[in-house]
Amino acid sequence: MTARGRLAGSLLPAKKYLALFRVRFQNEMQYRVAALAGVCTQFVWGFMEILLFRAFYQVGGEMPMTFSQLVTYEWLQQAFLALFMLWFWDKDIIEAITGGNIAYELARPMDLYNMWFTRVAAQRIARALLRCLPILLVAFLLPEPYRMSLPVSFGAFLLFVVSTALGLCVVAALTMLVYALTFFTMSASGVRIFAASIAELLSGAVVPLPFFPEKWRLLAELSPFAAVQNLPLRLYSGNLAGDEALFYLGMQVFWLVALVLLGRILLRLMRRRLVVQGG
Amino acid sequence: MKLYFRYFSIHLKSLMQYKASFLLLTVGQFITSFSAFLGIYFLMSRFHTVNGFALHEVLLFFAVTLMAFSLAECFARGFDVFPSMLGNGEFDRILLRPIHPVFQVIASKMEFSRVGRLLQAVLTFALAIGGGEVQWRWDKILLLVLMIFSGAVFFAALFVVGASFSFFSTEGLEVMNIFTDGGREFGRYPLSVYGKEMLRFYTFIVPMALFQYYPMLYILGRSENPWLCAAPLGILVFLLPVSLVWKLGVRHYRSTGS
């Protein structure tokens, strides 16, 4: 190990990851105008979706969510889009994999999986923090049927926070899986596009899962994608509560562990195959 | 026109050098719009109707919008990636050539992978037309073609607006996505579902309803008013302010010098 490596290695492990977080934050803060534009876009998006559902609610029939629950779901979804969207990739990481800069990444005195996982999570948190506050603020101030409501109870809020954190980790683990697959196919744009659309659908980004036909809903709820945004957003508004909520939280933990394990195994396989050419 | 076909064949030839990646992108485009289709299908099979429109009717609105958008992306993509042309000095070269710059920007890039989306639109049309109860007469078919064509012109015009803004600032251009990508997303349903105010907005400010909504009322037999068939031509009026903005932008242009 080089002198520098020893120095970095001797730092507290948490400190290394905190440094990673800080860099991502500073990076993100450089693009404030883009963030503002994003906030506007997401706000319009959420509002239009709510108007669309208003038309459906006027049709009537039995609703799996109250209108107020749906409104809250949509606003949270737009506010935390950066946390949960499945079509967002780190160009630097993909270029590192396909371009060969991976050699430098491997030379760092950190575990590759942990390092990239932290990086993915940090970037998403930084983006979301910058964007969620204005959206939530406006959503809380809107006139009645469109106003976002407070969490149904303190317990629901706690569950929301916990499952948001878990959901973010599931997203990061899924992202890592896609990066690991990129090693094997070297383009993986097919994998990425697939993840970007089918997974979006199954995660409840297009239509909330309770509105799915029975069979599709079952399929979606058993898939890892339901552990992303579907769960926290429904916990907040009380659409999921009690034993059902606990069951799905358990599912979330299960998927997190399974996806991290799978990602680590794939990454280890990759390292065994990897040949770094000099130069 | 002859020159355009020349550009067209060059783009096609260069694309055929990368058949596999073209195929993948095309399939990807197809899948992407497929999840939007499923979203409509899920909601419509639960509610059966929205704003008085049935599934097959909603699918017609979806298909017209999707087809217009993908045609615009296919052929006017040059304006979509315009900021990079300003950045790398490509636009300087364009201004020097003795051909109209708008033509050159259009011809400089063609995105054939949008065929994937186009295919989705065609299949949706087949589904909607096969299952619906519309009496298809030649005038309605002609009107449908006119709707798609004017819709493509509409989206292309939006790309031009975005490109014109990039003469003034490179920051915050993402806001244009509200109208371009937003138009594609919100146009999945008849624009009237978003309420009277939104319909008014999409009639007079960003006139998407002129090709997506009003003429469709005639096709679906909701109205016998033949004037609705002329609505797509209103897009031509929209082109006036758009070309004004573009000219303003070009006049404001200062080369980066690199």
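## Helices α2 and α3 of chain B

The crossing between α2(B) and α3(B) has a right-handed sense. In this predicted model, α2(B) packs against helix α3 (residues 55–75) of chain B at an angle of about 160°, and the two axes are 11 Å apart. Because angles over 145 degrees count as roughly antiparallel, α2(B) is roughly antiparallel to α3(B).

On the α2(B) side, the contact is made by S33(B), I40(B) and M44(B). On the α3(B) side, L55(B), V58(B), F62(B) and L66(B) take part. Sorted by class, this contact of α2(B) with α3(B) has 6 nonpolar residues, 1 polar residue and no charged residues.

## Helices α2 and α8 of chain B

Helix α2(B) also meets helix α8 (residues 115–131) of chain B; their axes come within 6 Å and cross at roughly 40°. That angle makes α2(B) oblique to α8(B). The crossing of α2(B) with α8(B) is right-handed.

From α2(B), the residues in this contact are T26(B), V27(B), G28(B), Q29(B), F30(B), S33(B), F34(B) and F37(B). From α8(B), they are V115(B), G116(B), R117(B), L119(B), Q120(B) and T124(B). The contact of α2(B) with α8(B) has 6 nonpolar, 7 polar and 1 charged residues. S33(B) is listed in the contact with α8(B) and also in the contact with α3(B).

## Helices α9 and α14 of chain B

Another helix pair in chain B is formed by α9 (residues 138–165) and α14 (residues 234–252), which pack at an angle of about 20° with their axes 9 Å apart. Angles under 35 degrees count as roughly parallel, and α9(B) and α14(B) are therefore roughly parallel to each other. The crossing of α9(B) and α14(B) is left-handed.

Helix α9(B) contributes S150(B), V153(B), F154(B), A157(B), V160(B), V161(B) and S164(B). These residues meet I235(B), F238(B), L239(B), V242(B), V245(B), W246(B) and G249(B) in α14(B). By class, the contact of α9(B) with α14(B) comprises 11 nonpolar and 3 polar residues, with no charged ones.

## Interface between the chains

Across the interface, 30 residues of chain B are in contact with 30 residues of chain A. On the side of chain B that touches chain A, α2 (19–47), β1 (49–50) and α10 (180–186) of chain B each supply at least two residues. The most comes from α2(B), which gives 14 residues to that side. By class, the side of chain B that touches chain A has 16 nonpolar, 11 polar and 3 charged residues.

## Overall form of the chains

Chain A has 13 helices and 0 strands. From the N terminus on, its elements run α-α-α-α-α-α-α-α-α-α-α-α-α. The C-alpha atoms of chain A fill a box of roughly 65 × 40 × 35 Å along the principal axes. For 279 residues, a compact globule would have a radius of gyration near 19 Å, and the 20 Å of chain A agrees with this.

The secondary structure of chain B consists of 14 helices and 2 strands. Its C-alpha atoms occupy a box of roughly 60 × 40 × 35 Å, again taken along the principal axes.

## Confidence

The model scores ipTM 0.90 and pTM 0.89. Chain B averages a pLDDT of 88, and 99% of its residues score at least 70. For chain A the average pLDDT is 86, with 91% of the residues at a score of at least 70.

Within chain A, confidence is lowest in helix α1 (residues 3–10), where the mean is 50. Confidence in chain A is highest in helix α4 (residues 67–79), at 95. Where pLDDT is low, the predicted coordinates should not be read in detail.

How values were computed: Residues are numbered from 1 along each chain as its sequence is written. Chains are lettered from A and ligands numbered from 1 in the order in which they are written. This is a predicted model: local features need pLDDT of at least 70, side-chain atom pairs count only at pLDDT 80 or more; totals for chains, interfaces and linings use all residues. Two residues are in contact if their C-beta atoms, placed from the backbone, lie within 7 Å. Helices (H or I, at least four residues) and strands (E, at least two) are DSSP runs, numbered from the N terminus. Ala, Val, Leu, Ile, Met, Phe, Trp, Tyr, Cys and Pro count as nonpolar, Asp, Glu, Lys and Arg as charged, and the others, Gly among them, as polar. Axes are lines fitted to C-alpha atoms, for helices over the stretch in contact, and angles run from 0 to 180 degrees between N-to-C directions. Angles under 35 degrees count as roughly parallel, over 145 as roughly antiparallel, 65 to 115 as roughly perpendicular and the rest as oblique. A crossing is left-handed if the near helix is turned anticlockwise from the far one by less than a right angle, and right-handed if clockwise. pLDDT is the predictor's confidence in each residue, from 0 to 100. The radius of gyration is taken over C-alpha atoms; the globule rule is 2.2 Å times the number of residues to the power 0.38.
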